[in-house]
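Dear colleague,

Please find below the structure that I am handing over to you. A short account of the findings comes after it.

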Number of protein chains: 2
Amino acid sequence: MAQIPSSRTNGSGAQMRVFGLHVYGNFYECANTELLKSPEELEKVVLEAAREGGMTVLDIKSWKIGEGVSVVAIILESHITVHTWPEYRFATVDVYSCGGHTNPHRAFEVLAEALKPARVEKGVAERHLE
Amino acid sequence: MAQIPSSRTNGSGAQMRVFGLHVYGNFYECANTELLKSPEELEKVVLEAAREGGMTVLDIKSWKIGEGVSVVAIILESHITVHTWPEYRFATVDVYSCGGHTNPHRAFEVLAEALKPARVEKGVAERHLE
């Protein structure tokens with residue numbers, strides 16, 4: 001357990017006490033099957049997604065589960081996760097970040113650009129406190 | 001990175017190749033403010049939620065971020081996360097699990113019973129592969 005200064009609340013001029021957006025999706029028929037199998041390469045993609053989304057990564061960890069991989073990045077602003085099923089060319093991703101300085105949609109795009117799904121189901125959940 | 005046998009696909013008689021449910025929520029005006037501040041106690045609650053939801057915890061980790069806490073449990077069946085803002089008596093939780101043997105709604109309830117929010121915004125996202 002680490003003690004870290006907060007960056008999860010909104011900046012000056014905030015309309016909300018906590019501005020949180022959770023962008024999540026199911027990636028079907030991913031063309032990049034090698035990436036679905038590789039914890040090391042998936043971690044690199046998640047780090048790139050966090051960087052492009054303006055997020056600060058505190059820690060990243062991955063697990064090989066059967067054929068698939070789970071990657072969790074804890075970011076100062078909340079979290080990014082990717083779970084993969086290479087046998088089905090399937091992956092699910094979550095980008096949940098707080099603060100107007102972050103862009104979870106952009107981070108989501110980076111993940112899609114890397115995994116190359118033929119079809120994406122995307123959802124957005126507001127995680128706000130007004 | 002650990003190698004673990006898969007338990008994220010559905011069991012025999014499955015209608016779907018991957019049956020995933022993501023139950024998420026915003027907890028407002030939590031009465032249990034001490035719990036919102038304690039990484040150690042929050043980890044215990046997350047472990048209890050996983051147990052009640054029939055999930056297998058692979059790893060759990062927590063961070064103190066400003067006044068708040070982030071807890072991430074990676075479970076064999078996907079993940080559970082809790083982020084808290086004690087200064088606002090606010091928390092957000094995600095329980096995402098795959099496989100018909102798990103009950104993410106029950107795990108969500110355990111988290112709510114512990115944090116005692118006055119109001120809950122709950123959502124469910126399907127993370128299926130048919």
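The notes below cover the interface and then one residue.

This is a predicted model, in which local features need pLDDT of at least 70 and side-chain atom pairs count only at pLDDT 80 or more, while totals for chains, interfaces and linings use all residues. Residues are numbered from 1 along each chain as its sequence is written, chains are lettered from A and ligands numbered from 1 in the order in which they are written, and side-chain values use heavy atoms, with hydrogens and water left out.

Four salt bridges cross the interface (a side-chain nitrogen of Lys or Arg within 4 Å of a carboxyl oxygen of Asp or Glu). Arg127(A) forms a salt bridge with Asp94(B), with the closest N and O atoms 3.1 Å apart.

Phe27(A) lies in strand S2 (residues 20-30) of chain A; strands are DSSP runs (E, at least two residues), numbered from the N terminus. Phe27(A) counts as buried because its relative accessibility is 0% (buried means under 20% relative accessible area, with a 1.4 Å probe and protein chains only). Beyond its neighbours within four places in sequence, Phe27(A) is in contact with residues including Phe90(A), Leu111(A) and Pro117(A). The C-alpha atoms of Phe27(A) and Pro117(A) are 5.3 Å apart, although 90 residues separate them along the chain.

With kind regards

Conventions:
Helix = DSSP H or I, 4+ residues; strand = E, 2+ residues; numbered from the N terminus. Buried < 20%, exposed > 50% of the residue type's maximum accessible area, 1.4 Å probe, protein only. Contact = heavy atoms within 4.5 Å.
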